[in-house]
Amino acid sequence: MTSRARLFRFARLLCALALLCAAVPFGRAAAQGSSAPDISAPLAQLTTNKYDDTEAALGALALSGSPAAAGIVTALAEGKLVFGGTPPRLFIQGEGGALLDPLTLQPVADAPAVKPVRVNNRVRRAIDAANGALSLVSPDAGKRREAALAVGRSRDEAALPALEAALAKESDPKVKSAMNLARASILIGKEGITPAERIAAVQLVGAEGNQDALAILRSVPEGAAPEVKQAAADAIAGIERNLALWGMAQNVWYGLSLGSVLLLAAIGLAITFGVMGVINMAHGEMVMLGAYTTFVVQEVIRTSYPGLFDVSLLIAIPLAFVFTGLIGVLIERTVIRFLYGRALETLLATWGISLILQQAIRTIFGPTNREVGAPSWMSGSFEIGQLAITSGRLWIIVFSLLVFFALLATLRLTRIGLEMRAVTQNRRMAASMGIRTNWVDAMTFGLGSGIAGMAGVALSQIDNVSPNLGQSYIIDSFLVVVFGGVGNLWGTLVGAMTLGVANKLLEPYAGAVLGKIALLVIVILFIQKRPRGLFALKGRSIEA
């Protein structure tokens, strides 16, 4: 073979390779173009600037599955979708008025004069529906589920085609369940379906067992078949029974929450009343002082150390305990110790002290409510079935139990606790054994007041911080102490939780006021039968 022939063959080989290299990306581009949905028809409809065409185009875009559809619908909603030129073309108006191609979002070089696509209320509704349908095919599973739930709540038949198309492609089990439920919600009220389809939809919605399902089942058309109405009635009855049980569980939760508040307010009073026999009407003001301590701590943190706000309650708890404990010791040393053995005088004296403390707070902070914020870890809520649980209430229950067991450990495991129990059971015998009963009284009053101050920290999260805060809990606290057994901590715990739950279970039937009256009557009758309460203390002087 001559050199010229070899050169010619080499040239042909190079040409073939060049053509092959050019064909590969072209083939890829062709393959991609063939796989991308064609939305040229709805884009052309949008350029007619007629409301009917715009509405039809939005429906087609919602069902197209095109990645550019969401941007086009958003641009229309924001007034940035424009058209112009001959023949008319569609553009998205970008920053600085630049015109962008709606498919590629690249700037257009030969930009014609344009005007916006018109929008009216009907088109706005179509935009909302299209956004909902496009969310059903979002890459984010959470958005798809939210969109399915929104479609189910709206029960819009226009969204059914998009919903069914998204359902056919869905693989996430949770999202698929939400889409099936949304489809069933629409089919229950849709005309032209068979009774079997409607019964299947009724059963699927009825399995949800919540208030939304109840509302959907009650929308079964009047003209539905008898077997459909019967299935809906059975499902409604089942949901109502289920909701009644969950409602009772919710009331029990509210009762436990109220019981934890009563426990915090009464636990300090239990040891004070049990050891000293003092009817301390100023105990509620110790709770109020603890709440105002929390307010002061948060004000200092807000102004000087804002980064510490989430730990403000953790800082306020020991400060409230120390501050109110010292106030309690001061009250005992200056007033109470001269009135031992005279219950009526201690009641009147402590009532006067409560008025003095209320007026002092009004003078310093004013009579209006003060804002105490909740840290992030006490905010929010979650659900267990149909039971709604707020984080703040849950933490208060945990805190009240921690305070209870800490106090129980103090009484059982420390010297001061041993001396307090000795004085409670037999004051004269304890004094004869060398226990300084006067010092025990002061420490007991200070401890009870300090615990009340910590209760005020917790109550600042669920009640108004005002000079009258303590008055709301003092009577209930005495009721808990007497019902549970004077001076008995376990009795206080059981009494607080029992009265809290009983109060919340009575409220739906008797109302808040009559429920409290009924509960008071029940406790009075119980005390007539057991004067020492649920758990009576034992000791020679007590039993005498």
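## Helix α7 and its buried face

In this predicted model, helix α7 covers residues 160–169, and Leu-160, Ala-162, Leu-163, Ala-166 and Leu-167 are buried within it. Viewed down the axis of α7, these buried residues fall within an arc of 160°, so they line one face of the helix. The face turned away from that buried side carries Ala-168 and Lys-169, which are exposed.

Helix α12, made up of the 22 residues 283–304, reaches 32 Å from its first C-alpha to its last, which is close to the 32 Å expected at 1.5 Å a residue. This helix is mostly covered, since 16 of its 22 residues are buried.

Val-297 has its place in helix α12, and with a relative accessible area of 11% this residue counts as buried because the value lies under 20%. Leaving aside residues up to four places away in sequence, Val-297 touches Ser-312, Ile-315, Ala-316 and Leu-319.

## The hairpin of β5 and β6

Strand β5 (residues 381–384) pairs with strand β6 (residues 387–390) in the antiparallel sense, over 4 bridges. The bridge partner of Ile-384 is Leu-387, which belongs to β6. The hairpin has 2 residues between its strands, and Gly-385 takes a positive phi near 65° there.

Between Val-297 and Ala-388 there are 91 residues of separation in sequence, and their C-alpha atoms are 31 Å apart in space.

Key. Residues are numbered from 1 along each chain as its sequence is written. This is a predicted model: local features need pLDDT of at least 70, side-chain atom pairs count only at pLDDT 80 or more; totals for chains, interfaces and linings use all residues. Side-chain values use heavy atoms; hydrogens and water are left out. Buried means under 20% relative accessible area, exposed over 50%, partly exposed in between (1.4 Å probe, protein chains only). The arc is that of the directions from the helix axis to the C-beta atoms. Two strands pair if DSSP finds at least two bridges between them. The expected span of a helix is 1.5 Å times one less than its number of residues. Contact means heavy atoms within 4.5 Å.
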